[in-house]
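Please look over the sequence and the structure before reading on.

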Amino acid sequence: MSTFVLVHGAWHDGSAWEPTIKHLEAKGHRAFAPTIAGHGKGVNRNVNHAQCTQSVVNYIVDKDLTDIVLLGHSFGGTIIAKVAEAIGDRIRRLIFFNAFVLNDGESVKDTFSPNFHGLFDKLARESDDRTVMLPFEIWREVFINDADLELAKSSYAQLSSQPYQPLIDKLDLKQFYVLTIPKSYLYCTEDNGGWHPRMSSRLGLFRLVQMPGSHEVMFSNPVSLAEKIIVAGRD
Amino acid sequence: MSTFVLVHGAWHDGSAWEPTIKHLEAKGHRAFAPTIAGHGKGVNRNVNHAQCTQSVVNYIVDKDLTDIVLLGHSFGGTIIAKVAEAIGDRIRRLIFFNAFVLNDGESVKDTFSPNFHGLFDKLARESDDRTVMLPFEIWREVFINDADLELAKSSYAQLSSQPYQPLIDKLDLKQFYVLTIPKSYLYCTEDNGGWHPRMSSRLGLFRLVQMPGSHEVMFSNPVSLAEKIIVAGRD
Amino acid sequence: MSTFVLVHGAWHDGSAWEPTIKHLEAKGHRAFAPTIAGHGKGVNRNVNHAQCTQSVVNYIVDKDLTDIVLLGHSFGGTIIAKVAEAIGDRIRRLIFFNAFVLNDGESVKDTFSPNFHGLFDKLARESDDRTVMLPFEIWREVFINDADLELAKSSYAQLSSQPYQPLIDKLDLKQFYVLTIPKSYLYCTEDNGGWHPRMSSRLGLFRLVQMPGSHEVMFSNPVSLAEKIIVAGRD
């Protein structure tokens, strides 16, 4: 049985994984879902990428978790790459789940299409605290396209405004790219974000696991997601 | 419950949707399937694209349908884009179903691969009435690859020769590209036509819905198609 | 009912098809699985591509098989193209199953990514008999990513070292590209080898059939594979 640590993406916090964790535990696994520093409701959002990473490192070290399967969703992919650099000896496998795999020296923002680039810059400038809230229309149509409107709304209510700095910070990933930790890419095929093979191929040797569904199957299909996480994370 | 208007593609007529409509109605929806002017058996095929569009506009206005979900299959995608320009206030959402999404100023023919380009030109020249009939071999292997031979033959018998002019007419789509009507792209993944993301990405913000199957699931899998049309068309 | 001849890929031998053949036979079909010359355990591995092809031609002629559906998996795709040139009159349809479709004058090695190119050259140089054994890590992560570790190991034990010369030989395929034998491409969508549409599109007119799964579904999912082979091979 495995120990999973699930790292959420932008706008999410650890609570997004609750249904998935329930199903992982029902299959006999342990699973943890830290909330990244500066993320979640009612917290100080003045964080950079290094502080985000450190908060997940601290969580794993404080709980003394070892032999873990570390999964990162979307923006969380950039976190687990840096966590792996810091405490790789605690990690059995990395799973990138419809996640960014940044090139050395790149930021998340560097990978955006020009459309999103401009939109997010504008939203950050207009905010009080240099954060970006995802417009509901984009959430409903692009992120959670496989849900009904009720679930699209209830899951949107769980989101919170995303600190912009971690999306702008350019990451030194030289060490990540020489790590020999095994890697999987879990890809939901109705997510129109162009993740695979654009991002996945940067991993070199990796295990591909696919399932139907949107970017947000932790809300729309946590049962299948848990099953695919187990497949992506085994041995 | 929704009101669907289903616009067929080249060689088809409205009768192709009968099994799909039955399943949509069984789920409590209303669904209509006009035959585009110049299409179907035993009609005058001397039509251009504007006349095709006008016939669908007339159908919707004559029946006074409002708040509709307007779906276009294949060539039908070019029709619904122009219908949306004409009577956008009657349309709640557009669904492009393995459909052409033309750029402003483009014709369907402009998007063909050189192979099809030459073949269709030749067939149109050789015909009595400047139409193109799809060779059975292409229908069976490329269009309805998920059916058995019997269904491939019986569905082929429902087809009729396609007027060539609507495929050649270059469309002014400037107005379409500023419409704010929500859009979905429904994509059957065993259709080898390169529709997604080549065509879908032209829509800008859109909802992606996928299902297995060929270009012709209205014949080979109308039950699943109806379910996916409902998902693509909700809210 | 059809007569299938299933041609294995590199490292495999005919025994890999046993579970698939069982399911094909249960559906009333006949199926044969020759081992290509120089392949399988305990044989002389000093063969070139022409000898590989000749061994399959001989198998089919010796058994006097006619009206066959000839399937090639992976490297086996290069064999069936040449077999079709030699005895096309015995073949009703070709199925390329996550298989190489080489351009005229190309070798398998010519299609490798630079990574694999260097690795295989090195392994061949280091071997006693100019063969290449696939490292287990690549087998487990890239080839049979949909299996559990136990099956990954037991199937790996069935493999044997691949003669390198047949992967290097450049093939004259001018005759293949004018054959009118119908063709299908069967594509497992979790095989991260970039087979479709890169290889499939070279076939011109072909029938696409897809299923979920890895490059090695003959081990991980022979039931579904048999069903899809029947679909790919019918009429």
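## Interface and sheet

Q: How many salt bridges are counted between chain B and chain A?
A: In this predicted model, a salt bridge needs a side-chain nitrogen of Lys or Arg within 4 Å of a carboxyl oxygen of Asp or Glu. The side chains of B:Asp235 and A:Arg140 meet in such a bridge, at 2.6 Å from N to O. Between chain B and chain A, the count is three salt bridges.

Q: Which element gives the most residues to the side of chain B that touches chain A?
A: Twelve residues of chain B are in contact with 13 residues of chain A, and by class the side of chain B has five nonpolar, two polar and five charged residues. The element that gives the most to this side, with four residues, is β8(B).

Q: Which three residues supply 44% of the area that chain B buries against chain A?
A: The area buried between the two chains is about 1100 Å², with 45% of it given by carbon and sulfur atoms. On the side of chain B, the three residues that supply more than any other three are B:Leu205, B:Leu208 and B:Arg234.

Q: What are the edge strands of the open sheet in chain B?
A: The six strands of this sheet pair in parallel and follow the order β2-β1-β3-β4-β7-β8. An edge strand pairs on one side only, and in chain B these are β2 (30–32) and β8 (207–211).

Q: Which residue of β4(B) is the bridge partner of B:Leu70?
A: Strands β3 (residues 68–73) and β4 (residues 91–97) of chain B pair in the parallel sense over six bridges. Within β4(B), the partner of B:Leu70 is B:Leu94.

Terms used: Residues numbered from 1 in each chain as written. Chains lettered and ligands numbered in written order. Predicted model: local features only at pLDDT ≥ 70, side-chain atom pairs only at ≥ 80, totals over all residues. Heavy atoms only, no water. Pairing = 2+ DSSP bridges. Helix = DSSP H or I, 4+ residues; strand = E, 2+ residues; numbered from the N terminus. Contact = heavy atoms within 4.5 Å. Buried area = accessible area lost by both parts, 1.4 Å probe. Nonpolar A, V, L, I, M, F, W, Y, C, P; charged D, E, K, R; others polar.
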